Amino acid sequence: MTASEIVRMTAAELGAAVRSGQTSAEEATGAYLDRVAEVDGQVNAFLHVDRDTALAQARAVDARLAAGEDPGPLAGVPVAHKDVFTTADMPTTAASRILEGWRPPYDATVTARLRQAGMVVLGKTNMDEFAMGSSTENSAYGVTRNPWDLDRIPGGSSGGSSAAVAAFEAPLATGTDTGGSIRQPAAVCGLVGAKPTYGGSSRYGLIAFASSLDTPGPLARNVLDAALLHEAFSGHDPRDSTSVDAPVPPVVEAARRADVEGLRVGVVKELGGEGYQPGVLRRFTEAVELLESLGAKVVEVSCPSFDAALAAYYLIAPSECSSNLARFDAMRYGLRVGDDGTRSAEEVMSLTRAEGFGPEVKRRIILGTYALSSGYYDAYYGSAQQVRTLIKRDFDAAFENVDVLVSPTTPTTAFPLGERTGDPMAMYLADLCTIPANLAGNAALSVPCGLADEDNLPVGLQIMAPALADDRTYRVAAAVEAALADRRGGPLLAGSAFAV
Amino acid sequence: MVGAVTNGPATSGVGPAPVAFDDAMRSYEPVLGLETHVELGTASKMFCSCATAFGAAPNTQVCPVCLALPGSLPVVNGAAVESAIRLGLALNCSVASWCRFARKNYFYPDMPKNYQISQYDEPLCSDGYLDVTVDTPEGPREFRVEIERVHMEEDTGKTAHMGGATGRIHGAEYSIVDYNRAGIPLLEIVTKPIEHTGELAPQVARAYVAELRDLVRSLGISDVRMEQGSLRCDVNVSLMPRGGTEWGTRSETKNVNSLRSVERAVRSEIERQAGVLNSGGRVVQETRHFQENTGTSVPGRSKEEAQDYRYFPDPDLVPVAPSAEWVEELRATLPELPAAKRARIKAEWSLSDEELRDLVNADAIELVAATVEAGAPPADARKWWLNELSRRATETEVELADLPITPEQVARVVALVAEGALTNKLARQVVDGVLNGEGDPDTVVEARGLKVVSDDSALGAAVDEAIAGDPDAAEKVRNGKVAAAGALVGAVMRATRGQADAGRARALILERLGVQ
Ligand SMILES: [Zn+2]
């Protein structure tokens, strides 16, 4: 099988080809490594690629298959892994200077499950430092570019993962979604990206940004592939106390089912309208009409508390991060600055943190430290938690009448690199539509719904479902994906500059 | 306990001379508060599966979780929660049906996450009490110490300062951190303000810690070895003028790690604060460190520059929600608690108040009870622990319970004496051997050849020899002067190097000489 044939396949097809012996894990891995070598100089999706380690993993998978083991449908399929998950055989930095060169002694649960599933970790992908950002411009190791337009952002924080999959450098990638960090990059790169139910996928080994929000999830070029990856690494993990002890929702089955007949779809009134790019709204409206034409019952739903979601998020997430990032103190791992025998441990900690963290990380640590301070706690962290409760209630009330909620995934398509780096508030608005699902902990997914007329860049449709009803998001997404491909005569990504 | 009474100049470390305790008590009424940390004896740490054994080589009982490696997450140790609930129940607390862990944020090199997982406004157990008894010249007096809360938290690592002369951070060349202790489960037991103790305050504080220690020990949730730091005390003291109603500013003395130190720390702090107040000064709200060698404290961090711990519920953990059934089951299976045990023992052994007090003061009640349980008569068990063994403990400067002899071994020694296999003198030698690490009493008897010579053939030979060796004495006995047998018994004892049963030897002598 030729390298270009391999790279063009879906993950499901590639997994089947490896199982049937048409190709091998080693051959598939080699094909993708070649593709990375060819294009990553322009895209900069990866922070770390180790050809030998990847090929060694692939050969081990081939040996398992030859021995009659059945690791599952993705055995032999390469995956790009967000650099926020620990990997015992590769460095893990969370794109921060403070962890430069750190080699964890252990695999994250998600990493371990990828390996169990016979997947080959190609390398670690770029991201906003500690997953704080919406453009991957906050990485300490350079920006990642959007394969649709190299002068634009790939989204963030999982922008290395979205760019890698969109540029065909990997068939699949992992991401983490704290306020939209999977769905927003998926939307602006023309991919499928899912934020599972909070607790549906394990956080053990995920370098924490905001513990009550962080959720590992898949990025893929199509809905079925996303579902297969979702299923491969999700499920209960006793090492994560917040992990849900329930079966993984039947996402693969739902992705194959792909029908919306009789499904009740609610359009969230508060997510749309003024401030949204017209081309984004147009594609969104068409997608809703499409769902109706496929037999769904569409109604408008109001979730008034969603208006306060962004503000609540920017108190809760920084508060948690201010505490989570306290461990980076130069004592046990990572960067150490100024330890010349004349300084106290406290001084070394302070110098290290001053040099090791980037400006956005510092901004959020300071914000969170302030929000948790004695005398301010009730006004900031306390009220933000109350808003969170109200948002949950809005979702609960909505889901009494509808099966899923829909909205645009992002207010705009991919914006130009550098456009918002000087204006944090403008940057934060990129997550306006995605944040409510994080605050409530329910399932959400972004699926491409076309290109905006103004800029010919991808637009994402967000589908939200109740907690542990992740399968509904896949069912709707698969129906939209199939209908749009019929109309268009092929997948959206075929129009990208980096299509193969 | 806040609110300064006086407004004089702030004074802490180097201050006016302390006032003698009795003088201080004439002017002031102390208010106490005690915060006690108990290291639990669970097999694994609070939030990971690392072992908790004391004394392991540095940094050998660590993992990604307790080293706070990026990405690692805590999982609550259910056994620690159970221990906390049991202690709460034994302290007559109510147990929360739902509570959370909170993060206490502050930077310190031996705290891996730079926050401690603790509990803040939602403790697992709250509002209990512990009754303690203090001896007074007028007889025993009982005080009820009210318990504010019992909550769960994790211990920090340990920093050792190397180089330099003092072993303290100032002057040290470098420091090393051992994370073996990081994450060991702790219970913090906080009292409500203890008032109206007057001059008995130091003894009440000591009695409370002793009673708490015995309670913890009876529950089997910790070995509570104060010298190993598995029970540590912080002592809060404030003074108010006699007849006043407004509490003074308190200080918190940390590092109080023996019963004697608790008493001394309270006493010296009362004396120090009285000195400050008498000279028109103002007591500073501060943390002080107790010095074992001087029995006084030196100032540490002032609360006026106190940290803001930014407590918030730990989002990595789910709430602890013990079911009512579980709590009731734990309540129903509590062992007999020390106070009940004391009452029972006093009645069963017919002890006077003084005899019970001696047992309690010698810290011997559990040891004696265990010895009785192992078969010894109460009087013998008491005699051994209060006399011989207490003396050994004092000589070797260890706690009675830390002597290398078990109640079972003491009971065996008692049994051997009762059987006539040992004399009291030999029994003390056997105890010597056990304390020396020579093994069980029977092993020591065997190895040292200490068995009483009571077997009649061996003894008979010695008796015959004695009679033959002193015909005069033998003749006198035959003629009815029984007292003359003493010389013959002495000869037998000399010949057997003291191992003969003197009573048996005498009986045999009289028998041989035809006297009944
Ligand atoms: Zn550990």
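Biologist: What is the strand order in the open sheet of three strands in chain B?

Modeller: In this predicted model, the order reads S5-S4-S16, and the pairing is antiparallel.

Biologist: What makes strand S5 (115–118) and S16 of chain B the edge strands?

Modeller: Just count the sides they use: S5 and S16 of chain B each pair on one side only.

Biologist: How do you know that strand S4 (residues 102–105) of chain B and S16(B) go together, and how many bridges join them?

Modeller: Pairing calls for at least two bridges. Two bridges link S4(B) and S16(B), so the two strands count as paired. They run antiparallel.

Biologist: Over to chain A. Why is A:Val18 called buried?

Modeller: The cut-off is 20 or more other C-beta atoms within 10 Å. A:Val18 has 27 C-beta neighbours inside 10 Å, so it counts as buried.

Biologist: Where is A:Val18 found, and which residues does A:Val18 touch, not counting those up to four places away in sequence?

Modeller: A:Val18 sits in helix H2 (residues 11–20) of chain A. Its contacts are A:Thr23, A:Ser24, A:Ala25, A:Ala28, A:Ala75 and A:Gly76. As for A:Gly160, it is 142 residues from A:Val18 along the chain, and their C-alpha atoms are 26 Å apart.

Biologist: How do you know that the distance between the end C-alpha atoms of helix H14 (residues 378–401) of chain A agrees with what it should span?

Modeller: Take 1.5 Å times one less than the number of residues. H14(A) has 24 residues, so it should span 34 Å, and its end C-alpha atoms are 34 Å apart, which agrees.

Biologist: Which residues of H14(A) are buried, and what covers them?

Modeller: The buried ones are A:Tyr380, A:Tyr381, A:Ala384, A:Val387, A:Arg388, A:Ile391, A:Asp394, A:Phe395 and A:Phe399. Their cover includes helix H11 (309–324), helix H13 (359–371) and H16 of chain A, together with strand S16 (312–313) of chain B.

Biologist: Which members of the largest nonpolar core touch the most other members?

Modeller: This core holds 239 residues, and A:Val79, A:Leu122 and A:Ile463 touch the most other members. Helix H3 (residues 201–219) of chain B gives the most to this core, with nine residues. Leaving aside neighbours within four places in sequence, A:Val79 is in contact with A:Leu114, A:Met119, A:Val120, A:Val121, A:Leu122, A:Ala170, A:Leu172, A:Ala173 and A:Thr174. Another core, of 46 residues, lies apart from the largest one, and its members include B:Trp384, B:Val430, B:Leu459 and B:Ala505.

Biologist: How many residues does the contact take from chain B and from chain A?

Modeller: Chain B puts in 25 residues and chain A puts in 34 residues. The chain B side has 16 nonpolar, four polar and five charged residues.

Biologist: Now the domains. How is chain A divided?

Modeller: Domain 1 covers 3–304 + 405–495, and domain 2 covers 307–392. Their C-alpha centres lie 27 Å apart. The contact takes 29 residues from domain 1 of chain A and 27 residues from domain 2 of chain A. On the domain 1 side, H16(A) gives the most, with four residues. By class, that side has 18 nonpolar, seven polar and four charged residues.

Biologist: And how is chain B divided?

Modeller: Chain B has domain 1 (10–310), domain 2 (336–448) and domain 3 (456–512). The C-alpha centres of domain 1 and domain 2 of chain B are 33 Å apart. Nine residues of domain 1 of chain B and five residues of domain 2 of chain B make the contact. The largest share of the domain 1 side comes from H3(B), with four residues. That side has three nonpolar, two polar and four charged residues.

Terms used:
Residues numbered from 1 in each chain as written. Chains lettered and ligands numbered in written order. Predicted model: local features only at pLDDT ≥ 70, side-chain atom pairs only at ≥ 80, totals over all residues. Contact = placed C-beta atoms within 7 Å. Nonpolar A, V, L, I, M, F, W, Y, C, P; charged D, E, K, R; others polar. Domains from an automatic or database assignment. Core = buried A, V, L, I, M, F, W, Y, C linked by C-beta atoms within 7 Å. Buried ≥ 20, exposed ≤ 12 C-beta atoms within 10 Å, placed from the backbone.
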